[in-house]
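Dear colleague,

Here is the structure I said I would pass on. My notes on it follow below.

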Amino acid sequence: MSKLRVGIVGATGMVGQRFITLLENHPYFEIRALIASARSAGKTYGEAVGDRWKLATPMPESVRNMVVMDATDIAAVKPLVDFVFCAVNMNKDETRALEEAYARWEIPVVSNNSANRWTPDVPMVIPEINDAHLAVIAAQRKRLGTKRGFIAVKPNCSIQSYVPALTPLLGYGITQVVATTYQAISGAGKTFREWPEMVDNVLPYIGGEEEKSEREPLRVWGKVEDGAIVPAESPLITTQCIRVPVTDGHTAAVFVKFRNKPTKEEIISAWRSFRGKPQELNLPSAPAQFLTYFEEPDRPQTRLDRDLYRGMGVSLGRLREDSLFDYKFVGLSHNTLRGAAGGAVLIAELLYREGYFD
């Protein structure tokens with residue numbers, strides 16, 4: 001099987017670096033283009049990144065001497081790639097225009113950015129949960145006037161610590177959710193070396209994060225109607241989002257109320273049996289067990305559990321009844337793997353197996 005040729009737009013940033021490490025020796029995909037801003041273009045990747053390599057995993061030698069391309073020179077990129085991942089540090093209008101330009105050049109885009117998450121005909125996908133939303137790509141292609149080109153995006157990293165846990169419980173009639181997320185500094189693209197102010201510190205504000213955390217789950221749980229994603233109308237969700245001194249891993253403390261209250265045993269059983277299309281297709285990045293429940297009272301923990309199933313599993317624990325809501329629990333997901341680059345790679349694997357790159 002010949003591999004698809006991949007470009008990474010925004011290759012020098014933290015998420016771009018994650019893409020590089022995840023795609024090394026990938027069975028479906030191979031990196032053919034590293035793409036960034038004009039200030040990096042023309043340099044080798046090693047020169048462009050310099051001392052800004054942020055991951056514990058060393059930079060793969062296979063990319064060190066690749067020459068970085070200009071993200072705006074799509075004509076030069078097109079002959080080299082079958083699709084691109086996009087993780088740029090630009091404002092939303094610029095990002096939206098750039099992604100749409102690639103799509104119109106017949107280059108599919110799998111995006112880590114937020115700019116197109118609310119474009120009605122762009123699927124925003126957690127592959128185990130709403131793979132059916134990929135059907136809206138047909139309407140998007142019609143709007144763009146493309147045969148191959150389209151945009152698909154992944155949701156905000158923080159919601160992956162609690163939305164997967166709530167999804168198998170929707171049948172019990174979830175009415176209200178309160179979620180407080182404790183988010184790692186890598187969610188801001190930072191390390192402690194770059195952000196010493198976060199050592200021994202907590203920041204009670206992350207710009208725009210609470211709005212995303214309250215609204216995006218409803219879009220994930222929505223339906224495709226007349227060529228658009230129509231968000232679900234319930235449950236009511238309220239959140240607080242707090243930055244904490246942790247390298248990787250977003251934790252959520254969640255409270256939930258039901259119309260038809262399940263037992264604790266029914267909830268845990270629903271979590272442990274929940275599977276999606278990635279598990280059915282045995283996709284390379286898919287965790288064998290999507291949701292893992294820990295019985296120990298002090299789990300999940302970021303240092304112990306964020307790398308579960310190569311960072312693609314979601315960890316849950318401390319499920320118990322609540323005096324105000326019906327239940328409360330704790331969730332954990334790896335924000336730059338399941339929540340960012342790894343989640344986007346899983347979307348690309350699903351798109352590939354479902355024929356959207358043909």
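How many bridges join S1 to strand S4, and in which sense do the two run? Four bridges join them, and S1 and S4 (residues 83-86) run parallel. Strands here are DSSP runs (E, at least two residues), as are helices (H or I, at least four), numbered from the N terminus; two strands pair if DSSP finds at least two bridges between them.

Before the rest, the basis: this is a predicted model, in which local features need pLDDT of at least 70 and side-chain atom pairs count only at pLDDT 80 or more, while totals for chains, interfaces and linings use all residues. Residues are numbered from 1 along each chain as its sequence is written, and side-chain values use heavy atoms, with hydrogens and water left out.

Strands. S1 (residues 4-9) has five of its six residues buried (under 20% relative accessible area; exposed is over 50%, partly exposed in between; 1.4 Å probe, protein chains only). S1 also pairs with S2, in the parallel sense, over six bridges. Val-9 stands opposite Ile-35 in S2 and opposite Cys-86 in S4.

Pocket. A pocket is an open set of points on a 1 Å grid over the protein atoms alone, where a 1.4 Å probe fits, with protein on both sides within 12 Å along at least five of seven lines; lining residues have an atom within 4 Å of a point. Of its 49 lining residues, Ala-87, Val-88, Asn-89, Met-90 and Asn-113 are the closest to the centre. H5 gives the most to the lining, with three residues.

Salt bridges. The structure holds 19 (a side-chain nitrogen of Lys or Arg within 4 Å of a carboxyl oxygen of Asp or Glu). One of them joins Glu-100 to Arg-143, with the closest N and O atoms 3.6 Å apart. Glu-100 is in helix H5 and Arg-143 in helix H7 (residues 137-144), 43 residues apart. Glu-100 is partly exposed at 22% relative accessibility, and Arg-143 is partly exposed at 38%.

Another salt bridge is between Lys-261 and Glu-321 (2.4 Å, N to O). Lys-261 is partly exposed, at 43%, whereas Glu-321 counts as exposed, at 53%.

Regards
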